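Let us take a walk through this structure together, one contact at a time. Have the sequence and the 3D view at hand as you read.

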Amino acid sequence: MNVQEMISARGISFWLVEKHDVPVASIHFAWKGGVETDPPAQQGLAKLATAMLMEGAGDLDATAFQGQLADHGISLNIDATRDYIQGQLYALTADMPKAIDLTQLALTKPRLEAEAFTRTRAQQLSSIKQSMAEPDWQARYRLMQTVFGGHPYALRGAGTATTLATIGIDDVKTFYLSHIARDNLHVVVVGDMTADNAKTMVDQLFGALPDKSTVPTVPQATWPSRESPTGQTIWVKRKGAQTIWQWALPGVDDDDPDWFAANVVNYVWGGGGFSSRLMQEVREEQGLTYGIGTGLSAMEHGNVWMGKAALADDKVSHAMTYVQGMIARLHQGGLTQDEVDGAKTYLINSLMLDLTSSRGMAQVLLDWKLSGRAAGYLAERTQGLQAVTLEHANRVAKKMLDPAAMLSVLVGSPPSLPPGVTAKEALWQNE
Amino acid sequence: MTIAVTNTHASVFNPHVTTLDNGLTVIVVPSASGPVVSHMLWYKVGAADERDGETGLAHYLEHLMFKSTKTLKAGEFSKVVAALGGEDNAFTSYDYTAYFQQIASAELPRMMTMEAGRMNDLLLKDDEVLTERDVVLRERALRTDDDPAARLGETVQASLFVHHPYGRPVIGWGHEVEKLSVQQARDFYRRWYGPNNAVLVVSGDVTPDAVVALAQNTYGKIPTFQAPARVRAADPVLTADRRVVVKDKDVQQPQWQRHYRVTPWRDDKEHSYAMEVLGEYLNNPAGPLVDQLVRQQKVMVDIAADYDGRNLDDGTFSFTFVPADNITMHAAEDAFEKLLADLAQKGVAAADVTAAIQRLQRNAVFARDSLMAPGYAFGLALTTGRTVADVEQWPARIGAVTPDQVNAALRQLVANPSFVTGELLPASLSPTVH
Ligand SMILES: [Zn+2]
């Protein structure tokens, strides 16, 4: 993978990987500042604003705009995530000029018609209602609320019926003005395109955007804090076919010297699919769950180490006790040399599998670019992982895997909880 | 601008196809995807091949294929793959069960040795088999029992196929899954798993000769067996109204669906290709359903259409919508039926048919930007009665569909009495009464 650092004629820097085996290209782009910048009373604004970019631009109303995308086989998605507004543009090389035309039209001349706004807001509300029916969503909502307390990361990305009702078209316009500019833009181009072609297209896409953004600053989230302590259990009572259990521990920053070691520990504990201790011992050996796993979430302004499992109600107490015991074992005894070696090999080599399509490669590179990595990060990453020793991994396990720090959310009807655990009851969220 | 996908790519993947002496079909698609390979083995057996009373057995066996063999311990298969930096998994449907790994191409021989091993050497030990049954029951709880929309989908399917085994859930009915025995798993494995009932697809950084030689050395050593014929009961034409309703306390957003049972590809291929074009036309976000019902009449929040003909037996054509907030399900359903009837009467314009065809044909190029696409395309085709040529000629077949055929397909769909309507409702709402 040869990542070229490019600067367009109009001064927009981007990364390019030329890949001429299939006549397609992917342009992935992002602006910093996503859901996190929504005012609390207007939660859902970033998602609504990005959705409105697909509702017609210039002379094209929503049907005409989406019809032209479809007729040229252009896939264009723009969505607000926690930290960013992210876009993915994918088309046959032959259709790229049209794809660029339509995308830049959406970014610079969105129509923002009242009818489309009302309809798009209703769609967002409908998807919120569908999400709220999911016990998994309910658990994640409580977990984020508890971990991030008053920080914007506790906000609901899609908003609520109440907050959506307060958002008007002017708010969407203000959002575009503050967020969609050239100084907070990140672009990656992968595919059947020459360097000169790519430069021209990047200029056509983004050259007309304002120079400067005015994205509100987001403070760093500190967890645990006095407002949001660790070590609690929260229980949303619900009669269903199972109990959802989600948990969190403090995480680690992706710039931290412990980052690679933490990834190795995570892989061995619960990130490594069938190879992880959690899947091996809780699923394979005991048949307590279909899926159990963990993931390190390193965000722009805060970090958390999360895990989840779905369990039969009457197995919740046993499974929680067992997993707590496993954390204690990792905390005290650490990993084995074999486990560390296996994790390193997997983490180093499996990345290749994400790079086999132009879209996969573009997304991996954009994620790196957004987290401040250099274009040559692939080699740096490999070296960083290779350098992790058993001793370093064990030191990280000792520091981070503290059974007493675990914050748990249960959604279900377990008949009992592990000895000594008292749960704080919370309500099923329905608005 | 017109695009000549049909002319520039008369074929899609240009595969290399071999059949080993023992009957295993080997398909190789070299591609420039980096130093990696996708290794996929498909068996021509799925949930629709289970006997009465043993629903869920095909999927259960899929799980058990990761247990002890003569050379591997339980769970070791996936561990070896991961330790080499690869990914592996498996999936089961009505007509097939497939196993795959994506991994550095240098590790292909190891993958073939292990996959060929479990084709013939699975031990199915009592304790491992029974523990995994609990896992499958947990999977059912997660996917279906605890999800009102999935429970509705399962009941719609069971009501649409009242006699053919497509009416059963792939994961099985809970009361039967919990009683599946070690002996049933062994019998199913012996009855269906063997080289002449399987299709191997290898794509990525490989050469056909090397793959065939490796296959010969691994899979090639497994003897041919007598694979059973896939005989399934056919459904009657039912003309009674069938409406299924799930009401649930957790549901806030009502949803509606209608599934039609349609002629299998096998029985009328041209009709099936026309249905594929019709599905693309109707599901287009700029097409008549979304434009009229969502944007103009505002009776729905969203609507989607889907034709699924990729089966050995009957296909399905389905519609799903979410009614607008202030609109009753009844009114939204009426608006949908009226629009579909109007479309059938007026006919789809030739230009719309051409546009839908070109949208579909582009997918043949996009498919080459994916390591696993050849595996999915050929595996699915060859386990559902199709040939390699059916995959390679797909763009041309789609290109040959005429507006008359699309309109005939639409009229036939509107007049088709074999359908089931499903409603997902909050506990407080009453179902639609006509
Ligand atoms: Zn399964």
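This is a predicted model: local features need pLDDT of at least 70, side-chain atom pairs count only at pLDDT 80 or more; totals for chains, interfaces and linings use all residues.

A residue counts as buried when its relative accessible area is under 20%.

The buried ones are B:Pro288, B:Leu289, B:Val290, B:Asp291, B:Leu293, B:Val294 and B:Arg295. What covers them? Part of the cover comes from chain B itself, including helix H10 (269-283), strand S9 (300-308), strand S10 (315-323) and helix H12 (329-346). Chain A takes part as well, with helix H2 (62-71) and helix H4 (114-132) among the covering elements. After H11(B) comes B:Lys298, which has a positive phi, near 60°.

On the chain B side, B:Arg138, B:Asp146 and B:Asp369 supply 14% of the area that chain B buries against chain A, more than any other three residues.

How many salt bridges cross the interface of chain B and chain A? The rule finds eight. To see one of them, look for A:Arg283 and B:Glu132, whose side chains meet at 3.3 Å, N to O. Between the two chains there are also 27 residue pairs in polar contact.

Now let us look inside chain B. Its domain assignment gives domain 1 (16-221) and domain 2 (243-426). The C-alpha centres of these two domains lie 29 Å apart. Where they touch, domain 1 of chain B contributes 33 residues and domain 2 of chain B contributes 32 residues. The two domains bury about 2,700 Å² between them, with 77% of it on carbon and sulfur atoms. Within domain 1 of chain B, the residues that lose the most area to domain 2 are B:Leu152, B:Val156 and B:Leu160, together 22% of what that side buries.

The count of salt bridges between domain 1 of chain B and domain 2 of chain B is one. The side chains of B:Asp248 and B:Arg151 meet in a salt bridge at 2.9 Å, N to O. Seven residue pairs are in polar contact across this interface of chain B. Which element gives the most to the side of domain 1 of chain B that touches domain 2 of chain B? That is H6(B), with nine residues. By class, this side of domain 1 of chain B divides into 20 nonpolar, ten polar and three charged residues.

Our last stop is the inside of chain A. This chain is divided into domain 1 (4-206) and domain 2 (232-426), and 29 Å separate their centres, taken over C-alpha atoms. The contact takes 37 residues from domain 1 of chain A and 35 residues from domain 2 of chain A. About 3,200 Å² is buried between these domains of chain A, 69% of it on carbon and sulfur atoms. In domain 1 of chain A, A:Trp15, A:His28 and A:Leu143 lose the most area to domain 2, together 20% of what that side buries.

Two salt bridges are counted between the domains of chain A. The domains of chain A share 14 residue pairs in polar contact. For the side of domain 1 of chain A that touches domain 2, the largest share, eleven residues, comes from H5(A). The residues of that side divide into 18 nonpolar, ten polar and nine charged.

Methods: Residues are numbered from 1 along each chain as its sequence is written. Chains are lettered from A and ligands numbered from 1 in the order in which they are written. Side-chain values use heavy atoms; hydrogens and water are left out. Buried area is the accessible area (1.4 Å probe) that two parts lose on being put together, summed over both. A salt bridge is a side-chain nitrogen of Lys or Arg within 4 Å of a carboxyl oxygen of Asp or Glu. A polar contact is a pair of N or O atoms within 3.5 Å; within protein, one must be able to donate a hydrogen and the other to accept it, and residues adjacent in sequence count only if both atoms are side-chain atoms. Buried means under 20% relative accessible area, exposed over 50%, partly exposed in between (1.4 Å probe, protein chains only). Helices (H or I, at least four residues) and strands (E, at least two) are DSSP runs, numbered from the N terminus. Contact means heavy atoms within 4.5 Å. Domain bounds come from an automatic or database domain assignment. Ala, Val, Leu, Ile, Met, Phe, Trp, Tyr, Cys and Pro count as nonpolar, Asp, Glu, Lys and Arg as charged, and the others, Gly among them, as polar.
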